[in-house]
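User: I want to go through the labels attached to this model and see what backs each one. Please take me through them.

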Amino acid sequence: MTISRTLPFSAFVAAALLSFITLGTAQAQQVYRIVGPDGKISFSDRAPEKMLPGSRTSTESTTAASSGTNSLPYDLRQVVQRFPVTLYTGDNCAPCGSARTMLLQRGIPFTERTVNTNEDIDALQRLSGNSNLPFGTIGSQQLSGYSQTEWTQYIDLAGYPKKSSLPANYVSQKAAPLVAIKQAEATRNATQPRSPTQVPRSTVVPSGPTPSNPAGIQF
């Protein structure tokens, strides 16, 4: 599959080195995805101070769940906070399985988002510019498609250990849909009390002769 990157490898090297120099303490990083009026998407580690008319912004939290990182070794926890890894996968996607297996074998804590619904696909296109799977992010670096050599280079440069240093009791996060709107609606509908069903009144057909039916005929 064709691989596209938002930054050349050399540029990513310089960015990573600069990040290691300037980040004296490990802080959770949050990347802001800014969509301009023309639909162009840009990323920044700073919240936009002034928004142009028609612009909209949404935040993509790049911080791994605290429950998953607190038990990590100190060195690994720092790397995860600086360059969190997110993997976007789909059903019946062999390259997606290869990317997942590589991360698990390497001992890389990562968040997995599944792309299966039309809403998921639209969200992925807004995020990456296309719908290619697998799609991955290492910090702010984006990787489209899967190449073990390519992914390994960026993971190494981010500072992840060559061999797994995960504790024996570490539990990987479960994969979750990229867009959870439908699930939220289903949950809300399930919790809402149902209105009592009205039982239609039965129609009583008079038997025997009546003024309008002197013969008492029934059908």
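Predicted model: local features only at pLDDT ≥ 70, side-chain atom pairs only at ≥ 80, totals over all residues.

User: Which residues touch the most other members of the largest nonpolar core?

Analyst: Trp151 is one of them, with Val85, Leu103, Ile138, Ile155 and Tyr160. That core has 21 residues. Helix H3 (74-82), strand E5 (85-89), helix H4 (94-106) and helix H6 (148-158) each give at least two. H6 supplies the largest share, four residues. A second, separate core has eight residues, among them Tyr88, Leu124, Leu133 and Phe135.

User: How do you know that Cys93 and Cys96 form a disulfide?

Analyst: Their sulfur atoms are 2.2 Å apart. The cut-off is within 2.5 Å, so the pair qualifies. A search of the whole structure finds one disulfide.

User: Why is the disulfide of Cys93 and Cys96 called right-handed?

Analyst: The torsion about its S-S bond is about 75°, so the disulfide is right-handed.

User: Why does Cys93 count as buried?

Analyst: Its relative accessibility is 19%. Buried means under 20%, so Cys93 qualifies.

User: And Cys96, buried or exposed?

Analyst: Cys96 has a relative accessible area of 0%, so Cys96 is buried.

Key
Residues numbered from 1 in each chain as written. Heavy atoms only, no water. Core = buried A, V, L, I, M, F, W, Y, C linked by side-chain atoms within 4.5 Å. Buried < 20%, exposed > 50% of the residue type's maximum accessible area, 1.4 Å probe, protein only.
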